[in-house]
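Open the model in your viewer and keep the selection panel at hand. The stops below are meant to be taken in order.

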Amino acid sequence: MKLCKNCVLPVGFPHITFDEEGVCSLCRAYKGRSAALGLRKEYTKRFERLLKESAGKSAYDVLMCYSGGKDSTYTLDILRKKYGLSVLAFTFDNGFIPERTYVNIRNVVEALGVDHVFFKPDFNIVKRLFTHTLRHCPYPAKTLERASAVCTTCMGLVKYTALKTAVEKEIPLIAFGWSPGQAPVTSSIIRLGPEMVSAMELAIKAPMKKIAGGPVDRFFLEKRHYAAAATLPAFVHPLAFTEYDEKKILACIKRLGWKLPKDVEMNATNCLLNPLGDEEHIKRYGFHPYALEIAAFVREGCMTRPEGIRHLPFRKDRRLLASLRKRLGVS
Amino acid sequence: MKIPQGSIKSRMKDFIVRTYLGRKDAPLGDGDSFLGEGIIDSIGVIELVAFIQETYNIKIAVPEIIPANLDTLDNLERFIIRKLSGL
């Protein structure tokens, strides 16, 4: 597979062109690391202003979508130690959390002194959603550039169950551990009104309802949630405006009692289902669902190109993939 | 600021098609819903807002980020003209 000579984006990646020197259009359009640093500083200030506006208005300053993976653990550490926020950590248990991750979550929330809740939906419902979205993508085509359809399903459920919880508890902010490569810094603080959120929710909820029926409704907001909230919580992903160095992150979270679980990839250290989603995605679309993220890491200088190339190959563990298919009941 | 008739819509269409649909000849009707048709998601909305602010040097407030202003090419054109007119 041919890759961009500058980052690691593969030839054939949607919407991307390559010039005669083999450099992709994202690298050509990239304004340089100093511009990126300027944006990070600007968004840090915006985030700090948002914290000032919302501080002390609720028992919790922020609800952290805490998967137990390395990035959300590091984000939780930043929210507690750097910003001193009162955090409610929220874990959506999709049925594929490694055993070690439960230990990691307990160690980390205890070390950082935060309250924590698990939300474990009926596995029969999520199983139907995952099984379907392993083979079909009912979401906007653009989402396939950032994640596999099965990951988008899970993220949609995380996002709206977290939003529902935050509205019910009147928490003004919801934080995610998205890395700088997963979403641009310019989208790192998202404040939207009820009308827009409701329209976006429907774009995720409607296809899910077609797949799994009415029970899906309970994972989403009801009219009363929109009516009760004068303003909906803002979504933030602080790693987009924070220095991202995987080695430093791993060293930091190790001190909190976090250890890398077995059978997971470095791209998703919290989920056993990920390799199956990756395999299906590569088979169907011809590129790794983490290619865009890793390419951005290389462009931004968060990792070297050889390191990026090492992150990309799909490690085909037949025993693991077979056990995942068995749990989902797919051939 | 004098904007030629139709130029806002064609500029917005170019951005949406180039960024989210990938092909220049991809069909996109003036009344097609970006959210309803699954063309953009939440990150896409923020990118779209940033693009409009930068392109037309206007400030868009949170209460203005609503489907009635941003969800179709027709809505975008009306909204941007209104903003440029200072209404």
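The tour goes from whole chains to their contact and then to single residues.

This is a predicted model, in which local features need pLDDT of at least 70 and side-chain atom pairs count only at pLDDT 80 or more, while totals for chains, interfaces and linings use all residues. Residues are numbered from 1 along each chain as its sequence is written, chains are lettered from A and ligands numbered from 1 in the order in which they are written, and side-chain values use heavy atoms, with hydrogens and water left out.

**Stop 1: chain A**

Select chain A and colour by secondary structure. Chain A holds 14 helices and six strands; helices (H or I, at least four residues) and strands (E, at least two) are DSSP runs numbered from the N terminus. Its C-alpha trace spans about 55 × 50 × 40 Å along the principal axes. The radius of gyration of chain A is 19 Å, which agrees with the value near 20 Å that a compact globule of 331 residues would have. That radius is taken over C-alpha atoms, and the globule rule is 2.2 Å times the number of residues to the power 0.38.

Of the 331 residues in chain A, 57% count as buried. Buried means under 20% relative accessible area, exposed over 50%, and partly exposed in between (1.4 Å probe, protein chains only).

For contacts, the cut-off is heavy atoms within 4.5 Å. Among the contacts in chain A between residues at least 6 apart in sequence, 76% join residues at least 24 apart.

**Stop 2: chain B**

Select chain B next. Chain B has four helices and zero strands, so its elements read α-α-α-α from the N terminus on. Of its 87 residues, 48% count as buried. The accessible surface of chain B comes to about 4500 Å², and 51% of this belongs to carbon and sulfur atoms. Among contacts in chain B between residues at least 6 apart in sequence, 57% join residues at least 24 apart.

**Stop 3: where the chains meet**

Show both chains together. The size of an interface is often given as the accessible area lost when the parts come together. About 1800 Å² is buried between chain A and chain B, and carbon and sulfur atoms give 68% of it. In chain B, the residues that lose the most area to chain A are B:L35, B:I43 and B:I46, together 30% of what that side buries. Buried area here is the accessible area (1.4 Å probe) that two parts lose on being put together, summed over both.

**Stop 4**

Select A:W178, in the loop of chain A between β4 (173-175) and β5 (189-190). A:W178 counts as buried because its relative accessibility is 18%. Leaving out residues up to four places away in sequence, A:W178 touches A:M155, A:A183, A:H237, A:L239, A:A240 and B:I43. The C-alpha atom of A:W178 is separated by 9.0 Å from that of A:S188, 10 residues apart along the chain.

Is A:S187 buried or exposed? At 0% relative accessibility, A:S187 is buried. Its contacts, not counting residues up to four places away in sequence, are A:H237, B:I43, B:I46 and B:E47.

**Stop 5**

Go to A:E145 in helix α6 (residues 143-146) of chain A. A:E145 is buried, with a relative accessible area of 7%. Beyond residues up to four places away in sequence, A:E145 touches A:F13, A:P14, A:H15, A:F287, A:P289 and A:L292.

**Stop 6: two positive phi values**

Select A:E170, in the loop between α7 (149-168) and β4 of chain A. Phi of A:E170 is near 55°, a positive value in a residue other than glycine. A:E170 counts as exposed at 62% relative accessibility.

Finish with B:N57, in the loop between α2 (42-56) and α3 (67-70) of chain B. Phi of B:N57 is near 55°, a positive value in a residue other than glycine, and at 70% relative accessibility B:N57 counts as exposed.

Note on methods:
Accessible areas come from the Shrake-Rupley method with a 1.4 Å probe; for residues, only the protein chains shown count as cover.
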